[in-house]
Amino acid sequence: MNQNTELSYKIMNQEISDWEIHDVINNLDIVQLCTVSSNLRDICKGHTISYSRKIFINLINLCRDLCSYCTYKKEPYDNMASMLDKSQVLRLAEQGKKVGCTEALIVTGERPEQKYSQVREWLNKQGHSSTIQYIDEISSMILEETGLLPHTNAGNLTYKELSLLKKTNVSIGCMLESGSYRLMQNGMPHELAPSKDPRARIKVLENAGKLRLPITTGLLVGIGETMDEIIDSLFIIRGVSKKYGHIQEIIIQNFVPKFNTPMRNKIPPPWHYFLRAVCAARIILPEMNIQVPPNLNLNNFSKYLSAGINDWGGISPITIDHVNPESPWPNLVNLSNVTQQDGYSLSARLPIYPEFLLHKREFIDTNMWRYIFPLIEDNGFVREAHAS
């Protein structure tokens, strides 16, 4: 057994301290670090790289926050502002179903009704006083009318709101982005974004855990954090995951400068730095599903495989990435070819990971199974989920 393989097994068997993990991530040569991470992926996750076929529902892209790197947020007067009524949502979901999607990704800004009277008035016309209430209604509509499984990204949600969405969403997303409070200081990316306070984000993760609601979280790399802060953020996620067992996926996303933002001139993270961050996620959480969005580095995304990822995230055949509109999804044929060239196979999944369908069924609301089973049968996803 060579040194890198031996280190991989020590990490997997928890025979290495957190301080030693810090040292490995910070100081091991990047080639060796990738070898250790990919070994861990192969041992813990096998040789299948998954993705979710989705429709991106850009529900309300107004937001109470102002992040220095974001172009998703729009103002009411912007011709790209989006407030989709039920008929528009249903039309998108139906289009997604026709092209084989199984996920309806519902994305909104952070509580836009708190800042904009236009949103409050529009929501009232839809019969609701909050964005979350509206999301619950359209999620139910999507389930009943199309059978697609909703997965909502709407920022910080309360325990009560999470409880409501658990009945209509198979999973939700809430990026930690960073556990560093330093990024909230004057002149830093989250200065005008109170919802990005790590305490608020961690509370969402913990409340979802108490509710046994599967959740996706992750980090945004290259916005001013240090490698030690990345490592500490991953330890935070690991702690919550160990306590509740509900975190199904970690996204490691690289910062991409946007032309019309305060951070438009900031240099994106160096390749070796970002690759080290991806390795850190695999090393700190060896059995976790680790994703890197391939569209953010379309010309060299195959390199992520060497760092130990096992998922490409959501790919849409008909809708753009509204958060990163300048970054098109890769063609699925190309994605499959690139994956196979590295010795792995590409496999579609649902927005809820197979291990939850097989071994953590208690994390899925009883109501959701009648929508999940037809997708399993029609698409061949995890047929063993019928067992037990």
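Arg-201 lies in helix α8, which spans residues 198-210. The model is predicted. In it, Arg-201 is buried, with a relative accessible area of 5%. This value falls under the 20% cut-off for burial.

Glu-177 sits in the loop between β4 (171-173) and α8. Glu-177 is also buried, at a relative accessible area of 11%. Apart from neighbours within four places in sequence, Glu-177 is in contact with Tyr-69, His-190, Lys-196, Gly-218, Leu-219 and Leu-220. Glu-177 and Ile-252 are separated by 75 residues in sequence. Their C-alpha atoms lie 8.8 Å apart in space.

The overall fold contains 13 helices and nine strands. For 388 residues, a compact globule would have a radius of gyration near 21 Å. The protein has 20 Å, which agrees. Along the principal axes, the C-alpha atoms fill a box of roughly 65 × 55 × 40 Å. Buried residues account for 59% of the 388 residues. Contacts between residues at least 6 apart in sequence were also examined; 75% of them join residues at least 24 apart.

Two helix pairs illustrate the packing. Helix α2 (residues 18-27) packs with helix α9 (residues 227-244) at an angle of about 135°. Their axes are 11 Å apart. The two helices are therefore oblique to each other. The crossing of α2 past α9 is right-handed. On the α2 side, the contact involves Asp-18, Ile-21, His-22, Ile-25 and Asn-26. On the α9 side, it involves Met-227, Asp-228, Ile-231, Asp-232, Phe-235 and Arg-238. By class, the α2 and α9 contact has five nonpolar, two polar and four charged residues.

The second pair is helix α4 (residues 86-98) and helix α6 (residues 131-146). The axes of α4 and α6 come within 10 Å and cross at roughly 40°. These helices are therefore oblique to each other. Their crossing is right-handed. From α4, the contact is made by Lys-86, Val-89, Leu-90, Ala-93, Glu-94 and Lys-97. From α6, the contributors are Tyr-134, Glu-137, Ile-138, Met-141, Ile-142, Glu-145 and Thr-146. The residues of the α4 and α6 contact divide into seven nonpolar, one polar and five charged.

Backbone geometry draws attention to two loop residues. Gln-14 is not a glycine, yet has a positive phi of about 60°. Gln-14 is placed in the loop between α1 (3-12) and α2. Gln-14 is exposed, with a relative accessible area of 64%. Arg-111 is likewise not a glycine and has a positive phi, of about 40°. The loop that holds Arg-111 runs between β2 (103-108) and α5 (117-125). Arg-111 counts as buried, at 15% relative accessibility. Positive phi thus occurs at Gln-14, which is exposed, and at Arg-111, which is buried.

Notes:
Residues are numbered from 1 along each chain as its sequence is written. This is a predicted model: local features need pLDDT of at least 70, side-chain atom pairs count only at pLDDT 80 or more; totals for chains, interfaces and linings use all residues. Side-chain values use heavy atoms; hydrogens and water are left out. Axes are lines fitted to C-alpha atoms, for helices over the stretch in contact, and angles run from 0 to 180 degrees between N-to-C directions. Helices (H or I, at least four residues) and strands (E, at least two) are DSSP runs, numbered from the N terminus. Angles under 35 degrees count as roughly parallel, over 145 as roughly antiparallel, 65 to 115 as roughly perpendicular and the rest as oblique. A crossing is left-handed if the near helix is turned anticlockwise from the far one by less than a right angle, and right-handed if clockwise. Contact means heavy atoms within 4.5 Å. Ala, Val, Leu, Ile, Met, Phe, Trp, Tyr, Cys and Pro count as nonpolar, Asp, Glu, Lys and Arg as charged, and the others, Gly among them, as polar. The radius of gyration is taken over C-alpha atoms; the globule rule is 2.2 Å times the number of residues to the power 0.38. Buried means under 20% relative accessible area, exposed over 50%, partly exposed in between (1.4 Å probe, protein chains only).
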